Amino acid sequence: MMKYSNVFEIDGSAGDKYDVLVKSNGKHVCIMCSCPASDYNALCHHIIDVINDNPEVRDLLVESGQWQVYEAYLAKLDEAKKIKREAAALKKQFTRELVIPPKSWSVEEESE
Ligand SMILES: [Zn+2]
């Protein structure tokens, strides 16, 4: 089992820099970021960036089995985006049919 510890310096969106600490004992990987979101144990995009941009971090997660959960999360996220798009299209269709009267409904009919 590979022991690992490394700090990645990541650029924040506001020009600041954050340290992302990656530690592994081979069985378990912990990744901590110094940004404010990390105070709430959030999965910030700095951590995501480190995972996505560093094959060695990916390998650690594969080794520990945590990569499977990450992949399942990404797959569900894709699914959720697709469902959200489908819902938006149905809402659009429903709204169009609901609020726009058909052309066959003439002005005379309305004044009857
Ligand atoms: Zn962060």
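Predicted model: local features only at pLDDT ≥ 70, side-chain atom pairs only at ≥ 80, totals over all residues.
Residues are numbered from 1 along each chain as its sequence is written. Local features require a pLDDT of at least 70 and side-chain atom pairs count only at pLDDT 80 or more, whereas totals for chains, interfaces and linings use all residues.

An automatic or database domain assignment supplies the domain bounds. The protein chain is divided into domain 1 (3-65) and domain 2 (70-101), with 32 Å between their C-alpha centres.

Helices (H or I, at least four residues) and strands (E, at least two) are taken as DSSP runs, numbered from the N terminus; two strands pair if DSSP finds at least two bridges between them. Three strands form an open antiparallel sheet in the order 1-2-3. Strand 1 and strand 3 (29-33) are the edge strands, each pairing on one side only. Direction ignored, neighbouring strands are turned by 15 degrees against each other on average; axes are lines fitted to C-alpha atoms, for helices over the stretch in contact, and angles run from 0 to 180 degrees between N-to-C directions.

Strand 1 (residues 4-11) and strand 2 (residues 17-24) run antiparallel and are joined by eight bridges, and Y4 has S24 as its bridge partner in strand 2. Their hairpin has five residues between the strands, and G15 takes a positive phi near 85 degrees there. Five bridges connect strand 2 and strand 3, also in the antiparallel sense, and K23 stands opposite C30 in strand 3.

Helix 1 (residues 45-53) packs on the sheet, touching strand 1, strand 2 and strand 3, where contact requires C-beta atoms, placed from the backbone, to lie within 7 Å. The direction of helix 1 makes about 55 degrees with that of strand 2.

Conventions: Contact = placed C-beta atoms within 7 Å.
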